[in-house]
Amino acid sequence: MFKHRELLFAHLIAWFLYGLLEHISHITYGENHFVGSFGGATLGCGLTAFLALFYHKTPNLPARLRAILFCFLGFLAAVFWHNVSHFLHQRESLEQVLAADFNAYFAGTSYTVLLFATWAGLYFGGWFYLQKQQQEKNTLLLSEQAKEAKLQSLRYQLNPHFLFNVLNSIDVAVQGKENDVAHNMLIKLSRLLRVTLEAETTHKISLKQEMTLLDDFIVIEQERYVETICVEQHIAESLEKYLLPSLILQPLMENAIKYTWHSVQDKTIKLVASASDYELNIEIDNPYKHDGNMAPSGTNTGLNNVKRRLSAIYENRASLNCQQAQGRFKVCLSIPLEKA
């Protein structure tokens, strides 16, 4: 009851109106039962509040047992209220009430039982309505939070330096009157941004969709660099239906292109996808030579962001491992198999 203030206020107001109307009805017949009317209303307010408290404090009881106990306690509360009201209205003295036989306590209680049953119907009707309203508000709030998470995910997934460089490349193409180049880069960049914003709250898309976005990214990067970088893809068609976080491969490919561009001879990046019984495995292999002249400096921000995303989505069921051997750098991504 106290979870919803509206219901608490309605509960208090309803019992106040009950006492007021009963008092007015007595005055109409020339009787003054102020103590009985408002005392009885206060007692009824307390007893029904106790019933509501019992219901909300016993959520772990079996539903049937909970309902039986609620009805039994409600019946006892109605009988108790009926007999105390007789005393409060001075229809019977306290001694008469206490001295009455057992059956007399239940005589004439049909009205109070019906009153308490009516209260229960109105109360639970209001409770479930407010619960539904709260659920709708929570759903809306989660939706807003999901949108904010998408925007934040976009900021993590698409490196600001990458966006700056792309826009700078577009500006150079426009200045050089290479309109087709600028147009193609804008189309591909907008597709990357749109897909990220329109992703579901889990940020998962099929491998086929991911590769389409990655191809756009590769083309944009190839426009930025003078030398042609070759990207070999080895992906079986049967794997394209599996899901993975959207643009999860973009920072890995960006890292591979950055190091490949500094390679003197070999400018080939290999992307291989495979599947085991429970995992989708993707490897990105690029030339790498760390001698201070050939390799650019890096902070591993892209790799760390990918690891954090994997941890947030899959917890400990996904992994990202790096290997370096024979002048090449390999990133191995493993995530649980999940069909679209």
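**A loop residue and its surroundings**

Modeller: Let's begin with Leu 247, which lies in the loop between strand E3 (243-245) and helix H9 (250-261). Helices (H or I, at least four residues) and strands (E, at least two) are DSSP runs, numbered from the N terminus. Before going on, please note that this is a predicted model, where local features need pLDDT of at least 70, side-chain atom pairs count only at pLDDT 80 or more, and totals for chains, interfaces and linings use all residues. Residues are numbered from 1 along each chain as its sequence is written, and side-chain values use heavy atoms, with hydrogens and water left out.

Leu 247 is not a glycine, yet its phi is positive, at about 55 degrees. Most residues other than glycine have a negative phi. Leu 247 counts as buried because its relative accessibility is 2%; buried means under 20% relative accessible area, exposed over 50%, and partly exposed in between (1.4 Å probe, protein chains only).

Gln 326, a residue other than glycine, has a positive phi near 55 degrees, and its place is between strand E6 (319-325) and strand E7 (328-336). With a relative accessible area of 84%, Gln 326 is exposed.

Asn 281 belongs to strand E5 (residues 279-287) and is buried, with a relative accessible area of 17%. Its side chain makes a polar contact with the side chain of Ser 334, at 2.7 Å. A polar contact is a pair of N or O atoms within 3.5 Å; within protein, one must be able to donate a hydrogen and the other to accept it, and residues adjacent in sequence count only if both atoms are side-chain atoms. Leaving aside residues up to four places away in sequence, Asn 281 touches Val 272, Ala 273, Ser 274, Ser 276, Leu 333 and Ser 334, where contact means heavy atoms within 4.5 Å.

Now for the helices. The axes of H1 (residues 5-28) and H2 (residues 34-57) come within 8 Å and cross at roughly 155 degrees. That makes H1 roughly antiparallel to H2. Axes are lines fitted to C-alpha atoms, for helices over the stretch in contact, and angles run from 0 to 180 degrees between N-to-C directions; those under 35 degrees count as roughly parallel, over 145 as roughly antiparallel, 65 to 115 as roughly perpendicular and the rest as oblique. Residues making this contact include Trp 15 and Phe 16 of H1 and Phe 38 and Ala 41 of H2.

H2 also packs with H3, at an angle of about 165 degrees with the axes 10 Å apart. That makes H2 roughly antiparallel to H3. Among the residues in contact are Leu 43 and Leu 47 of H2 and Leu 73 and Phe 80 of H3. H3 (residues 63-88) also holds His 86, which is partly exposed, with a relative accessible area of 22%. His 86 and Gly 40 are 46 residues apart in sequence and 9.1 Å apart in space, C-alpha to C-alpha.

Finally, the wider setting. The protein chain has 10 helices and 7 strands, and 40% of its 340 residues count as buried. Of its contacts with a separation of 6 or more, 71% come from residues 24 or more positions apart.
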